[in-house]
Amino acid sequence: WESMNYLIALDLSSNSLTGSLPPSWGNITTLENMAIANTLVNGTLPPSWSALDVQELDLRNNSISGSLPESWADMDSLLR
């Protein structure tokens, strides 16, 4: 994932994706839109994702737990 230097959109919604969210995705600096809705993803939100420059982030209808990492307050580009 770290070598995906030009990935702009990632939509993994509505599939059987399981497990936790990879902290390494925080290294995809070109990512603008990410959708991981309606999956079986669980665990907490990675603090490293605060480095993302995403404008749209859809994480609804999952089993994500915990609170938002404090570092996410710095995600100024986030529109939704």
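A: The protein exposes about 4900 Å², an area from the Shrake-Rupley method with a 1.4 Å probe. Carbon and sulfur atoms supply 50% of this area. This is a predicted model: local features need pLDDT of at least 70, side-chain atom pairs count only at pLDDT 80 or more, and totals for chains, interfaces and linings use all residues. Residues are numbered from 1 along each chain as its sequence is written, and side-chain values use heavy atoms, leaving out hydrogens and water.

Of the 80 residues, 29% count as buried (under 20% relative accessible area, 1.4 Å probe, protein chains only). The protein has 0 helices and 6 strands. Strands here are DSSP runs of E with at least two residues, and helices are runs of H or I with at least four, numbered from the N terminus. The C-alpha trace spans about 25 × 25 × 20 Å along its principal axes.

Now the close-up. Asn 62 sits in the loop between strand S5 (56-58) and strand S6 (63-64). Asn 62 is buried, with a relative accessible area of 18%. A polar atom of the Asn 62 side chain lies 2.7 Å from the backbone oxygen of Ile 36. A polar atom of that side chain also lies 2.9 Å from the backbone oxygen of Leu 59. Setting aside neighbours within four places in sequence, Asn 62 is in contact (heavy atoms within 4.5 Å) with Ile 36, Ala 37, Asn 38, Thr 39, Leu 40 and Val 41.

Key. Buried < 20%, exposed > 50% of the residue type's maximum accessible area, 1.4 Å probe, protein only. Polar contact = N/O pair within 3.5 Å; in protein donor to acceptor, adjacent residues only side chain to side chain.
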